[in-house]
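Here are some notes for a first look. Please keep the structure open while you read.

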Amino acid sequence: LWDRVETFARLNPMKDEETVVLVAPGFGRVRRGREDREVTVTGAPSELLLWLFGRRSAAEVMVDRAS
């Protein structure tokens, strides 16, 4: 599943106005975007996929917005 997270994060035209860093402990991290504001989303690969597909309220992830 982690491979799918990496692929989808790179191919998906996210409309967020901030840089998104997806982190799956034990698997890796993917950084998407070039904005100064950054949000880090941490969770299992399956939960990150839910988050990426717009199921943000259902995904069990930790979201940390840097100031």
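1. Start at valine 61. Setting aside neighbours within four places in sequence, valine 61 is in contact with Val41, Thr42, Gly43, Glu47, Leu48 and Trp51. Bear in mind that this is a predicted model.

2. Where does valine 61 lie? It lies in the loop between H2 and E4. Its relative accessibility is 22%, so valine 61 counts as partly exposed; buried would need under 20%. Valine 21 is 40 residues from valine 61 in sequence. In space the two are 12 Å apart, C-alpha to C-alpha.

3. Now take helix H2, residues 45–52. Six of its eight residues are buried, so H2 is largely enclosed by the rest of the structure. Which ones are they? The buried residues are Pro45, Glu47, Leu48, Leu49, Trp51 and Leu52.

4. What covers the buried residues of H2? The cover includes H1, strand E1 (19–24), strand E3 (38–42) and E4.

5. Look next at what follows H2. Glycine 54 comes after the helix, and its phi is positive, near 90 degrees.

6. The charged end of arginine 56 sits over the ring of tryptophan 51. The distance to the ring centre is 3.8 Å.

7. How many aromatic pairs are there? A search of the whole structure finds one. The rings belong to phenylalanine 8 and phenylalanine 53; their centres are 4.3 Å apart and their planes are at 15 degrees, so the pair is stacked. The cut-off for stacked is planes under 30 degrees apart.

8. Which parts does this pair tie together? Phenylalanine 8 lies in helix H1 (residues 2–11), while phenylalanine 53 lies in the loop between H2 and strand E4 (62–65). The pair therefore ties together parts that are 45 residues apart in sequence.

9. Phenylalanine 53 is exposed, at 56%.

10. A word on confidence. The protein chain averages a pLDDT of 88. Of the residues, 93% score at least 70. Among the elements of the protein chain, H2 has the highest mean pLDDT, 94. H1 has the lowest, 88. Where pLDDT is low, predicted coordinates should not be read in detail.

Technical notes. Residues are numbered from 1 along each chain as its sequence is written. This is a predicted model: local features need pLDDT of at least 70, side-chain atom pairs count only at pLDDT 80 or more; totals for chains, interfaces and linings use all residues. Side-chain values use heavy atoms; hydrogens and water are left out. Rings of Phe, Tyr and Trp (its six-membered ring) pair if their centres lie within 6.5 Å; planes under 30 degrees apart count as stacked, over 60 as edge-to-face and the rest as tilted. Helices (H or I, at least four residues) and strands (E, at least two) are DSSP runs, numbered from the N terminus. Buried means under 20% relative accessible area, exposed over 50%, partly exposed in between (1.4 Å probe, protein chains only). A charge sits over a ring if NZ of Lys or CZ of Arg is within 6 Å of the ring centre and within 35 degrees of the ring normal. Contact means heavy atoms within 4.5 Å. pLDDT is the predictor's confidence in each residue, from 0 to 100.
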